[in-house]
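Work through the exercises below with the structure in view. Try each task before reading its solution.

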Amino acid sequence: MKKILLQIVFFLSATIAMAQTDIQFSILKAEADGMSASVTNALDLKLRQVFDRNGAGAADLYNVFAIEPTISVEKIISTKDGVVLDVPIAQGELVLIAKNIIDGAEYYSTSIELEGESLGSKDKAMKSMIKGIKVTDPAYKQFINTARKKIEEYYSTNCAFILQKAKALYNQQRYKEAISYLSAATANIPCYDQAYALQEQILAKLGTKPDTVIVEKVVEKPVVVEKVVEKPVVVEKIVEKPVPAEAPAAPKCEITISMNDLEFRVLSCKGEPTQRRITLKAEYVNQNVNIANGDISLDVVIDDNGKELPRENKAVIANGSSYEWISMPARVNLKHDFYIVNYDHPMETISYMKLKVRNGYVEIRNLKVDWQ
């Protein structure tokens with residue numbers, strides 16, 4: 001139970017730090033009169049493919065940001081196929097609404113025209129239109145980007161309401177939903193400090209919740225007194241075993257992770273003055289079973305003087321490139337080193353780092369360097 005609880009806390013810590021630009025969306029099942037379950041399931045599967053392809057699909061059951069789809073057939077037209085055959089074509093539209101399933105807020109909607117063959121029933125026409133949806137259509141990427149921007153604007157102008165609703169979820173012990181609800185509260189909104197404090201309070205609540213003990217019916221048993229037989233005392237030789245040294249504590253810093261299916265932590269950050277190199281050792285876990293490879297890159301480093309370091313000072317291979325493509329099997333603890341090389345002064349603290357891991361971004365702030 002305690003192990004599972006620690007995993008929940010580690011996952012929610014990542015969710016707290018989700019950047020607004022990478023808000024994830026759940027897909028709601030389409031509901032319409034006369035629409036069969038097979039059409040609903042086909043549309044649900046296709047939209048999940050679209051949003052996963054664009055890095056916006058949510059796997060967490062407690063995610064509060066969702067897409068509500070509606071599909072309809074507007075008209076049937078006939079076109080010539082070859083010389084003699086008339087092929088009926090169904091023309092319709094797909095409406096997508098980005099919304100919040102907790103407070104019902106609708107952030108943004110769009111309508112996308114669809115087309116497919118209309119041979120037989122209305123269900124077949126809809127399935128044909130769904131089959132024609134291209135996951136690479138830029139209209140979906142544009143919709144996702146605009147929806148994320150609208151969510152940021154909504155949170156910025158409705159801070160008091162957001163906090164009130166999140167506190168209500170907390171009081172109802174709906175902790176995971178409260179965390180997800182607050183995940184879009186980024187540092188550029190007026191109530192960020194209050195939102196962050198509430199998130200920390202929720203994590204503390206999860207981290208200190210005791211295991212539940214169930215006491216079943218107590219059955220008293222008679223005490224059996226056995227005859228005591230004295231036996232000679234055997235004195236064993238005491239062999240002292242070395243006590244393994246505890247692993248060094250991870251350096252304190254603030255970590256922001258953009259994807260809720262990616263875990264990341266800093267193991268150490270050490271400076272080597274003779275080599276003019278700082279090595280950051282990190283551990284991460286890819287929780288997305290649909291992704292087996294990804295990028296590793298060190299994109300931005302800002303030193304303790306507020307100066308951004310150029311590309312030649314950053315590497316993910318010792319004294320090498322700042323980019324690498326590697327295998328990332330799901331649900332495996334993976335480790336990687338990031339390097340700052342040939343710096344102009346031995347900085348005590350790294351003010352800011354931005355790393356790319358898989359298709360997500362990790363931001364690290366105020367990381368102290370341990371000089372050897």
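Predicted model: local features only at pLDDT ≥ 70, side-chain atom pairs only at ≥ 80, totals over all residues.

Residues are numbered from 1 along each chain as its sequence is written, and side-chain values use heavy atoms, leaving out hydrogens and water.

**Exercise 1.** State how many helices and strands the protein has, and what share of its residues is buried.

Solution. Count the DSSP runs: helices are H or I, at least four residues, and strands are E, at least two, numbered from the N terminus. The protein has 7 helices and 14 strands. Next, take burial: under 20% relative accessible area is buried, over 50% exposed, in between partly exposed (1.4 Å probe, protein chains only). Of 372 residues, 42% are buried.

**Exercise 2.** Find the strand order of the open sheet of 5 strands, and its edges.

Solution. Strands pair if DSSP finds at least two bridges between them. The order reads β9-β11-β7-β6-β14, with mixed pairing. β9 (314–315) and β14 (370–371) each have a single partner strand, so they stand at the edges. Inside the sheet order, β6 (residues 262–272) and β7 (residues 277–286) run antiparallel, joined by 10 bridges. Glu263 stands opposite Val285 in β7.

**Exercise 3.** Describe the surroundings of Gln91.

Solution. Locate Gln91 in strand β3 (residues 85–100). Its relative accessible area is 21%, so Gln91 is partly exposed. Beyond four places in sequence, its contacts (heavy atoms within 4.5 Å) include Val73, Leu114 and Met129. Finally, the side chains of Gln91 and Glu115 form a polar contact of 3.2 Å. Such a contact is a pair of N or O atoms within 3.5 Å; within protein, one must be able to donate a hydrogen and the other to accept it, and residues adjacent in sequence count only if both atoms are side-chain atoms.
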